[in-house]
Amino acid sequence: MADASWDNGGLGAPPKAGMPLWGKIALGCGIAFVLALVTCVGGVAYVATKAKKDPEGFKHRMMGFALDKVRPDWEDFRAVVEQLHTPEGTRALYAANPALAKTWPTEAEFLSAAAGWRKDLVPAPELTPDVMEHLGLRINYARGGKVEVGWSPKNGRAIYVTFEGARKTGQATPRQVVALDVR
């Protein structure tokens with residue numbers, strides 16, 4: 001006759017088959033880490049191989065990438081420099097950028113300072129690799145979104161313009177100038 005008791009003789013619950021939860025999590029994290037490591041090492045190796053095979057071509061591609069990245073900031077900078085070349089442009093620049101009043105409390109003071117710079121300001125050229133490498137271009141993307149564009153030509157005054165933020169795609173209005181430094 002069969003035993004009608006559900007008692008298994010005190011052996012407890014049978015052990016579960018398979019891996020425990022912490023083991024599954026550790027295995028998943030380990031696999032993700034190995035995939036990320038292999039991807040990074042492979043990417044670095046690919047770029048290094050490209051750079052070794054054709055260093056000039058690689059340099060031109062990277063320079064093109066950099067030019068595309070900074071071109072909107074440079075164009076805004078050029079517009080500010082162009083405005084400083086005329087009294088009307090200088091007046092419009094001061095009126096459109098209230099933050100300039102921190103340095104020059106009145107429009108007359110700003111116009112007077114700009115008149116002193118005007119004869120030594122060199123028009124900003126088109127952005128080229130030569131401007132980026134040899135002609136004193138400096139672009140700094142600071143915390144808080146501010147962008148400082150500076151240019152120190154070999155002859156003429158250096159000028160540094162700090163914009164309120166990075167140019168957004170499709171933005172048609174000029175960015176606010178929060179600081180202007182002409183040396």
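1. Helices here are DSSP runs of H or I, at least four residues, and strands are E runs of at least two, numbered from the N terminus.

2. Housekeeping: this is a predicted model, where local features need pLDDT of at least 70, side-chain atom pairs count only at pLDDT 80 or more, and totals for chains, interfaces and linings use all residues. Residues are numbered from 1 along each chain as its sequence is written, and side-chain values use heavy atoms, leaving out hydrogens and water.

3. Back to α2, residues 55-84. Its 30 residues reach 40 Å from first C-alpha to last, close to the expected 44 Å (1.5 Å times one less than the number of residues). Its buried residues (under 20% relative accessible area, 1.4 Å probe, protein chains only; over 50% is exposed, in between partly exposed) include Met-63, Leu-67, Val-70, Trp-74, Phe-77 and Val-80.

4. The largest pocket has a volume of about 170 Å³. Of its 13 lining residues, Val-80, Gln-83, Leu-93, Pro-174 and Arg-175 are the closest to the centre. α2 gives the most to the lining, 4 residues, and α3 (87-96) also supplies at least two.

5. I'd look at the other salt bridges too; the structure holds 9. Arg-78 pairs with Glu-126, closest N and O atoms 2.9 Å apart. That links helix α2 to the loop between α4 (107-118) and α5 (129-134), 48 residues apart. Glu-126 is partly exposed at 48% relative accessible area.

6. Arg-91 and Glu-107 meet at 3.0 Å, N to O. Arg-91 lies in helix α3 and Glu-107 in helix α4, so this pair ties together parts 16 residues apart in sequence. Arg-91 is partly exposed at 39%, as is Glu-107 at 29%.

7. Lastly, Asp-120 and Arg-157 form a salt bridge, with closest N and O atoms 3.5 Å apart. Asp-120 is in the loop between α4 and α5 and Arg-157 in the loop between β2 (147-151) and β3 (159-163), so parts 37 residues apart in sequence are tied together.

Note on methods
On a 1 Å grid over the protein atoms alone, a cavity is a set of points where a 1.4 Å probe fits but cannot get out, and a pocket is an open set with protein on both sides within 12 Å along at least five of seven lines; lining residues have an atom within 4 Å of a point. Grid points are joined across faces, edges and corners, and a volume is the space filled by probe spheres set on the points. A salt bridge is a side-chain nitrogen of Lys or Arg within 4 Å of a carboxyl oxygen of Asp or Glu.
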